Amino acid sequence: MPKKILVVDDSDSIRDVVSYTLRQAGYEVVTAVDGVDALEKVKEERFPLVVTDLYMPQMNGLELIREIRKREEYKGVPILFLTTESQLDKKKEAKTAGATGWIVKPFQPDKLIKVVKKVLR
Amino acid sequence: MDNSRFRETFIEEASEYLEDIETSLLKLEKFYSKEAVDDIFRAMHSLKGGASMFGFPHINRLTHELESLYEQIREGERSLDEEGVSLTFRSVDFIKQLLKNDDKPTSIDDYETYLKKLKNIGNAAPEIQPSAGSSKTSSAISTYIIHFKPGKEILKNGINPVYLMDELINLGEGYPFARIRDIPSFHKMDPQLCYIFWDVVLATEVPEEEIREVFLFIEDDSDIIIEKIAPEDLLALEEVRKLLSTMDSSQEISAERLASYAGRGKEQKQAATEEKPRDTETLHTIRVASSKIDELINVVGEVVTFESRLSMFASQLRNSELDELREGMEKITARLREVTFDISLVPLSTMMLRFQRLVRDLSQEQGKQVFFDVKGAETQLDKTIIEHLYEPVLHIIRNSISHGIEDSKTRKSLGKPEVGTIALKAYYSGPEVHIDISDDGRGFDLKRIKDKAVEAGLAHAGEQRSDQDWLRLTMTPGFTTAQKTDGISGRGVGMDVIKRKLEEVKGDVSIFSESGKGTKMTLAIPLTLSIVEGLTVKSDNRLLVIPVSNIQEIVSISHKELMRHNHVMVVNGYSIPFAPLFFQPAKKKGVTDVYPVVIVQHQDKKYGLVVHSVEGHQQVVLKPLGNYLRQMDVFSGGCLLGDGTIGFVLDVKKYITYASKVGTIKNQNHAE
């Protein structure tokens with residue numbers, strides 16, 4: 001069974017490129033367009049990994065991470081956030097919120113896979 | 001070292017590398033991709049390594065040339081042109097041949113000429129003899145002591161430090177010491193916090209940045225000290241290994257003490273053989289002989305049968321404890337069956353590469369431009385079924401290229417895109433897998449098919465049939481022969497072969513074609529052959545099993561209705577032809593009996609099978625009938641039922657065909 005990853009981003013193109021890359025690497029991908037959408041999906045099933053953008057309408061990534069971490073079944077599940085080089089200071093904030101790590105945008109496909117593999121075992 | 005066993009493994013491994021290379025080459029033919037070049041280089045490199053290690057000198061030399069060629073491409077020193085790609089394809093074939101012939105070229109002259117050609121194109125670096133192969137790596141190993149104390153909260157954010165230790169040690173060779181002295185006593189301990197920290201002695205050739213990268217994400221919260229103690233592999237030294245293995249986890253490692261061993265092992269190292277690399281690789285998959293899987297399936301089959309017997313026995317005894325056991329057994333058996341079934345499944349992608357190559361070679365040979373579009377290659381099927389699919393799919397694709405797709409000039413004049421497309425799409429559909437293979441070529445010539453069919457005596461002149469029915473006729477053996485003798489190549493050989501091959505795995509094929517626009521063939525194949533979910537029915541005291549996948553519903557019919565002469569009943573507004581299943585209803589008057597009718601579906605039509613009683617529902621393991629009963633092909637096999645009696649599993653498709661032929665069932669179906 002391929003592992004199922006939840007990818008959250010409000011930008012179609014980013015969502016597409018992340019999903020595509022992950023699928024190419026053999027993962028199953030479920031997408032959500034913002035935090036609210038993602039939270040719905042998180043309630044339905046337990047994904048072994050969540051990858052989320054930080055700036056999104058409705059509910060942003062930081063809030064989403066906090067909400068997810070409140071859920072008992074998501075204790076210890078890795079959550080990665082996508083961040084651009086210029087907002088690297090967000091790192092601390094997101095980690096305090098409960099994120100496992102980050103992927104810097106723009107990313108190289110193999111870099112993304114490497115990071116995902118690292119947290120998904 | 002038992003070389004022959006490794007040779008076997010190498011040959012298997014090599015075929016996989018070659019497949020990878022072909023996949024990348026097919027990609028490169030469409031557009032340049034650095035990744036694909038890297039992949040080829042890596043695969044060639046691995047091939048070369050294995051070939052030199054396990055005694056394939058000819059493959060070794062060949063891959064050496066190719067590796068240098070791709071090295072240059074990688075470094076941007078030369079570009080990869082069409083000639084390069086073609087040459088690589090041919091080399092792949094060459095290597096395949098060498099692998100098959102135990103590294104003996106069919107002609108040594110050809111081999112040398114070919115090698116020279118490769119050398120010229122690649123301007124290869126001087127050949128490195130295998131014995132000196134690993135010279136550059138061994139000197140670059142350094143030894144480090146790494147202190148890693150994770151932040152206490154590390155577990156909360158989904159990082160498992162044990163995995164990090166694995167990752168670290170996989171960089172080379174390592175001795176980890178887990179420090180547990182900070183773990184508080186049990187009642188004071190918070191299980192969500194991490195109290196352990198580690199010291200690791202690591203010998204690796206990767207640079208320090210890469211070691212640091214292991215701790216990505218947690219650098220800020222953890223104490224990480226990486227100390228290089230010697231620019232050589234101290235762990236290769238017997239004394240160091242001895243020292244480390246006698247130390248327990250409470251003892252500190254002294255960097256000075258370890259460093260003092262540096263420089264001592266020069267002579268030792270020379271003698272030490274490099275046997276490590278293979279076993280450090282992580283195992284994602286293991287190879288198992290397919291006969292073992294067959295054996296497993298057989299045994300699971302027996303378990304399933306026993307479980308059915310147990311169930312039946314338990315339901316008669318009505319003992320609650322036994323019932324509980326039975327229930328548990330039932331669940332476990334179902335899971336066991338699922339898991340085993342899953343093991344025997346193989347994705348279609350395993351054979352896709354061969355088709356990609358076929359399309360490439362064949363279209364080039366015929367001067368046509370064909371794009372092969374594959375979707376759903378991840379669809380999985382029983383491995384035995386996959387083996388049977390190769391030939392029919394091959395025939396279909398070959399026919400599509402030879403007879404379907406027109407050459408670019410013709411296509412242009414017809415207003416079609418110059419490049420023809422063959423699309424293969426696989427998907428699940430209920431208990432079956434469907435594979436659509438379509439092309440946008442010229443399609444079947446219906447008129448010619450009609451003429452041919454009449455000529456071969458398969459139809460009357462002017463007969464009314466649906467296009468589909470006419471197309472189906474091309475799959476009768478007589479039809480193909482008629483075409484061949486007369487030399488007209490409508491769709492070439494193999495239509496009947498395609499059908500026959502699919503029937504071997506209980507599959508079916510349907511053809512859709514529009515003249516001038518293209519053809520689509522849909523292959524429908526069952527997911528598995530070995531275990532059938534069946535409805536047990538009784539007909540004249542004979543036990544029969546009807547596969548649940550064929551069944552639509554069960555209705556009932558009165559004796560009076562059963563005796564009606566047109567043998568058609570109305571269910572939900574549809575008239576459905578029915579037939580008593582292997583029995584002759586008695587012609588008594590005034591009988592008020594009611595019979596169950598199992599409604600089955602075959603090729604979009606419904607049929608009713610009348611039986612005496614429905615006994616139950618169980619999983620059965622299909623066993624072939626053996627030679628003696630081979631002619632009874634309305635059954636797909638026999639099976640052992642739960643109570644130990646023997647039942648026959650009905651092949652619904654074959655039965656309907658048979659019953660329509662002898663007239664026990666009418667072949668009509670329409671709404672009223």
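This briefing walks through two chains, from their contact to a few packing details inside each.

The model is predicted, so please read every value below as computed from it. Chain B has 672 residues, 30% of them buried, and its secondary structure comes to 23 helices and 22 strands. Chain A meets chain B through a contact that takes 11 residues from chain A and 7 residues from chain B.

**Where the chains meet**

- Chain B contributes 7 residues to the contact and chain A contributes 11.
- On the side of chain B that touches chain A, 5 residues are nonpolar, 2 are polar and none is charged.

**Helix packing in chain A: α2 and α3**

- Helix α2 (residues 35-44) of chain A and helix α3 (residues 61-70) of chain A have axes that come within 9 Å and cross at roughly 20 degrees.
- With that angle under 35 degrees, α2(A) and α3(A) are therefore roughly parallel to each other.
- The crossing of α2(A) past α3(A) is right-handed.
- From α2(A), the residues that take part are A:G35, A:A38, A:L39 and A:V42, and they meet A:G61, A:E63, A:L64, A:E67 and A:I68 of α3(A).
- Sorted by class, this contact of α2(A) with α3(A) holds 5 nonpolar, 2 polar and 2 charged residues.

**Helix packing in chain A: α3 and α4**

- α3(A) also packs with helix α4 (residues 90-97) of chain A, at an angle of about 25 degrees and with the axes 8 Å apart.
- α3(A) and α4(A) are therefore roughly parallel to each other.
- On the α3(A) side the contact uses A:L62, A:I65 and A:R66, while α4(A) supplies A:E93, A:A94 and A:A97.
- The contact of α3(A) with α4(A) divides into 4 nonpolar, no polar and 2 charged residues.

**A four-stranded sheet in chain B**

- Chain B holds an open sheet of 4 strands in the order β2-β3-β1-β4, with antiparallel pairing.
- β2 (172-179) and β4 (223-230) of chain B stand at the edges with a single partner strand each, so one side of each has no neighbour in the sheet.
- From one strand to the next, the twist averages 15 degrees.
- Strand β1 (residues 142-149) of chain B runs antiparallel to β4(B), and 7 bridges join the two.
- Helix α7 (residues 161-169) of chain B lies across β1, β2 and β3 (197-204) of chain B, running at about 150 degrees to β2(B).

- B:T536 sits in strand β12 (residues 531-539) of chain B.
- With 22 other C-beta atoms within 10 Å, B:T536 is buried, because the cut-off is 20 or more.
- Leaving aside neighbours within four places in sequence, B:T536 is in contact with B:L543, B:V545, B:E615, B:G616, B:Q618, B:L641 and B:G647.
- The C-alpha atoms of B:T536 and B:V614 are separated by 6.2 Å, although these residues are 78 residues apart along the chain.
- For chain B as a whole, 70% of the contacts between residues at least 6 apart in sequence join residues at least 24 apart.

Conventions:
Residues are numbered from 1 along each chain as its sequence is written. Chains are lettered from A and ligands numbered from 1 in the order in which they are written. This is a predicted model: local features need pLDDT of at least 70, side-chain atom pairs count only at pLDDT 80 or more; totals for chains, interfaces and linings use all residues. Two residues are in contact if their C-beta atoms, placed from the backbone, lie within 7 Å. Ala, Val, Leu, Ile, Met, Phe, Trp, Tyr, Cys and Pro count as nonpolar, Asp, Glu, Lys and Arg as charged, and the others, Gly among them, as polar. Axes are lines fitted to C-alpha atoms, for helices over the stretch in contact, and angles run from 0 to 180 degrees between N-to-C directions. Angles under 35 degrees count as roughly parallel, over 145 as roughly antiparallel, 65 to 115 as roughly perpendicular and the rest as oblique. A crossing is left-handed if the near helix is turned anticlockwise from the far one by less than a right angle, and right-handed if clockwise. A residue is buried if 20 or more other C-beta atoms lie within 10 Å of its own, exposed if 12 or fewer, and partly exposed in between; C-beta atoms are placed from the backbone. Two strands pair if DSSP finds at least two bridges between them.
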